[in-house]
Amino acid sequence: MSTSVKIRAKAKGDMVVIKALWSHPMETGLRKNKDTGELIPANFINHIKCESAGKEIMNADWNATISKDPYLSFSYTGNKGDEFKISWADSTGETGEKATKVK
Amino acid sequence: MKLSNKRRLFLKSAVATSSLGVAISAGLLTPSAVLASWPETAFTAKSSADAINALFGATATQSDKVIVDVNDVAENGAIVPVTIKTSLENVENMSILVNENTSPMTASFNLQPEFGDSVSIRVKVAKPSDIIGVVKAGGKLYSNKKHVKVTQGGCG
């Protein structure tokens with residue numbers, strides 16, 4: 001399943017408020033398939049990076065204990081019209097990125 | 001994060017590699033789950049103190065300038081909204097730990113000066129637990145915590 005992220009980037013004064021919502025199972029590797037009893041392999045986003053107009057503003061390491069379909073919210077000093085980009089990698093090696101213009 | 005810290009982390013991970021290799025060969029970890037950049041030792045540590053020490057090489061002092069915002073009671077432990085907020089200056093890192101989870105270290109954010117004073121995320125909480133917020137500011141570690149009751153665990 002391919003991972004996707006929805007981003008809302010809104011300028012408020014001299015700050016930009018980010019709300020991001022991924023669709024990702026965030027499997028810990030400890031859960032069992034209820035029908036077969038087999039362990040469901042770990043699969044979770046473990047690294048993300050956020051950039052504003054090409055400059056890094058945050059990077060983060062995540063554990064499998066982040067909820068399924070991760071939601072993240074924060075703000076940073078920035079301007080309307082700037083490009084905001086999130087990139088991520090999960091524990092299976094899948095990577096992705098998405099950029100949006102600050103509204 | 002400063003270069004010197006990265007170097008320290010690298011040294012730590014190099015030291016930890018030998019035991020990690022044992023874990024892989026014992027089938028405890030699949031190699032695909034091991035990413036070079038991921039701070040394995042901190043994120044698999046079984047206690048909050050070990051995790052904080054593995055990530056920062058220091059212990060945190062309790063501070064009211066770190067605010068952990070979480071509901072008193074969470075009905076569904078699978079989705080517990082947590083906000084870490086701080087009034088400290090020169091913040092370099094904000095981290096979230098769920099003390100009673102098997103691996104407490106949940107998220108660690110490395111911040112640039114443009115970053116705001118808070119971060120919100122949803123976490124899994126297996127059983128009633130303190131949520132610990134750690135903030136690294138001006139080279140020093142500060143922490144605070146808040147207890148959350150869960151009626152239904154979030155890791156099953």
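In which sense does β4(A) pair with strand β6 of chain B, and over how many bridges? The two strands, the latter formed by residues 105-111, pair in the antiparallel sense over 5 bridges; strands are DSSP runs of E with at least two residues, numbered from the N terminus, and two of them pair if DSSP finds at least two bridges between them. Within this pairing, B:L111 of β6(B) is the bridge partner of A:M58.

The model is predicted, and local features need pLDDT of at least 70, side-chain atom pairs count only at pLDDT 80 or more, and totals for chains, interfaces and linings use all residues. Residues are numbered from 1 along each chain as its sequence is written, while chains are lettered from A and ligands numbered from 1 in the order in which they are written.

The contact between the chains takes 31 residues from chain A and 31 residues from chain B, where two residues are in contact if their C-beta atoms, placed from the backbone, lie within 7 Å. On the side of chain A that touches chain B, at least two residues each come from β3, β4 (55-62) and β5 (71-77) of chain A. By class, that side of chain A has 13 nonpolar, 15 polar and 3 charged residues; Ala, Val, Leu, Ile, Met, Phe, Trp, Tyr, Cys and Pro count as nonpolar, Asp, Glu, Lys and Arg as charged, and the others, Gly among them, as polar.

In soluble globular proteins, nonpolar side chains tend to be buried together. Here the largest nonpolar core has 65 residues, a core being a set of buried Ala, Val, Leu, Ile, Met, Phe, Trp, Tyr and Cys residues joined through C-beta atoms within 7 Å. B:I121 is one of the residues that touch the most other members. Beyond four places in sequence, B:I121 touches residues of both chains, including A:I66, A:Y71, A:L72, B:V82 and B:I96.

The loop between β2 (15-23) and β3 (45-52) of chain A holds A:G29 and also A:M26. A:M26 counts as buried because it has 23 C-beta neighbours inside 10 Å, whereas A:G29, with 15, counts as partly exposed. The cut-offs are 20 or more other C-beta atoms within 10 Å for buried, 12 or fewer for exposed, and values in between for partly exposed, with C-beta atoms placed from the backbone. Leaving aside neighbours within four places in sequence, A:G29 is in contact with A:L39, A:P41, A:A42 and A:A64.

Most residues other than glycine have a negative phi. A:M26, however, has a positive phi near 50 degrees, and B:N90 has a positive phi of about 55 degrees. B:N90 lies in the loop between β4 (80-86) and β5 (91-98) of chain B and counts as exposed, with 11 C-beta neighbours inside 10 Å.

Key. Helix = DSSP H or I, 4+ residues; strand = E, 2+ residues; numbered from the N terminus.
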